[in-house]
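Student: I have just opened this one and would like to get my bearings. Could you walk me through it while I look?

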Amino acid sequence: MNRRLATAAVSLLLLTATAAVAAPAAVAAPTTTVAPVPAAQASAAQASATEPADPAGGFGPVSVRGTGNTVLTTAFQGFEGDPVQISVDARTSTNTDPRGTAGHFHVRHVHTDGRLVADFEGDITCLAVGGREAIATGVITKSEAPWFPGLELTGQKVALSVEDNGRRGDRMGWVWGVFGQPVSDCQGTVPFIRTTSGDFSVRG
């Protein structure tokens with residue numbers, strides 16, 4: 001064999017060896033071991049896929065009860081420093097249907113000099129609860145408002161909001177439909193003013 005053929009043969013052998021080393025070995029498909037699911041867990045998983053874990057869907061009976069006292073801030077021009085008291089006792093069998101709502105509310109606002117600004121009460125017609133907060137809307141059935149002569153409160157809608165903070169001090173808020181503010185069932189403002197005394201209890 002002449003030198004040129006010998007060199008070519010050696011080059012061919014080296015190329016073949018290199019290709020054999022570089023070629024990846026066949027990789028077996030990974031085997032995944034799945035632990036068997038106990039029959040009880042499997043049944044529970046199947047049930048949860050078709051129905052909620054909580055039969056009531058988190059919308060069972062709800063209520064708000066209590067009385068809160070506060071003093072109006074400078075945001076209420078002409079009434080800053082006035083004491084206001086709100087009492088509410090409302091309940092309903094479900095948080096999604098206001099037709100079962102029952103309850104009563106009472107609001108009393110007195111001026112700093114002791115003169116009555118307004119005192120009114122009525123029936124709760126809708127109640128909604130979310131966590132520690134509740135919104136109760138209702139209609140005034142009895143009223144007197146000597147501070148606003150000629151203003152008819154009876155028959156007007158109100159919205160009362162409450163935040164139950166336990167011993168840390170509750171909050172409350174309101175919307176009076178009598179002054180042209182829109183009030184819809186179970187809709188109101190955030191509880192915007194802290195109580196100075198009293199206590200509200202929200203359940204649901």
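Student: What share of the contacts with a separation of 6 or more is between residues 24 or more positions apart?

Tutor: Keeping in mind that this is a predicted model, residues 24 or more positions apart account for 54% of the contacts in the protein with a separation of 6 or more.

Student: And which helices and strands am I looking at, in what pattern?

Tutor: The protein has two helices and nine strands, and along the sequence they follow the pattern α-α-β-β-β-β-β-β-β-β-β.

Student: Which residues have the most contacts inside the largest nonpolar core?

Tutor: That core has 31 residues, and the ones with the most contacts inside it are Val64, Phe105, Phe120, Leu127, Trp174 and Trp176. At least two core residues come from each of β1 (62–71), β2 (83–92), β3 (102–110), β4, β5 (133–144), β6 (157–163), β7 and β9 (197–203), and the largest share, six residues, is supplied by β4.

Student: Picking Trp174 from that list, what does it touch?

Tutor: Leaving aside neighbours within four places in sequence, Trp174 is in contact with Thr70, Leu72, Phe76, Ile86, Ala159, Leu160, Ser161, Thr189, Phe192 and Ile193.

Student: Changing topic, how many disulfides are there?

Tutor: A search of the whole structure finds one disulfide, and this link joins Cys126 to Cys186 with an S to S distance of 1.8 Å. The link is left-handed, with -100° about the S-S bond.

Student: Which parts does that pair tie together?

Tutor: Cys126 lies in strand β4 and Cys186 in the loop between β7 (171–176) and β8 (193–194), so the pair ties together parts that are 60 residues apart in sequence.

Student: Are those two cysteines buried or partly exposed?

Tutor: Cys126 counts as buried because its relative accessibility is 2%, whereas Cys186, at 21%, counts as partly exposed.

Student: Back to strand β4, where Asp119 is found: why does that residue count as buried?

Tutor: Asp119, which is in strand β4 (residues 116–130), counts as buried because its relative accessibility is 11%, and the cut-off for buried is under 20%.

Student: Which side chain does Asp119 make a polar contact with?

Tutor: The side chain of Asp119 is joined to that of Arg108 by a polar contact of 2.6 Å. Not counting residues up to four places away in sequence, Asp119 touches His106, Val107, Arg108, Lys142, Ser143 and Glu144.

Notes
Residues are numbered from 1 along each chain as its sequence is written. This is a predicted model: local features need pLDDT of at least 70, side-chain atom pairs count only at pLDDT 80 or more; totals for chains, interfaces and linings use all residues. Side-chain values use heavy atoms; hydrogens and water are left out. Helices (H or I, at least four residues) and strands (E, at least two) are DSSP runs, numbered from the N terminus. Buried means under 20% relative accessible area, exposed over 50%, partly exposed in between (1.4 Å probe, protein chains only). A polar contact is a pair of N or O atoms within 3.5 Å; within protein, one must be able to donate a hydrogen and the other to accept it, and residues adjacent in sequence count only if both atoms are side-chain atoms. Contact means heavy atoms within 4.5 Å. A disulfide is a pair of cysteine sulfur atoms within 2.5 Å. A nonpolar core is a set of buried Ala, Val, Leu, Ile, Met, Phe, Trp, Tyr and Cys residues joined through side-chain atoms within 4.5 Å.
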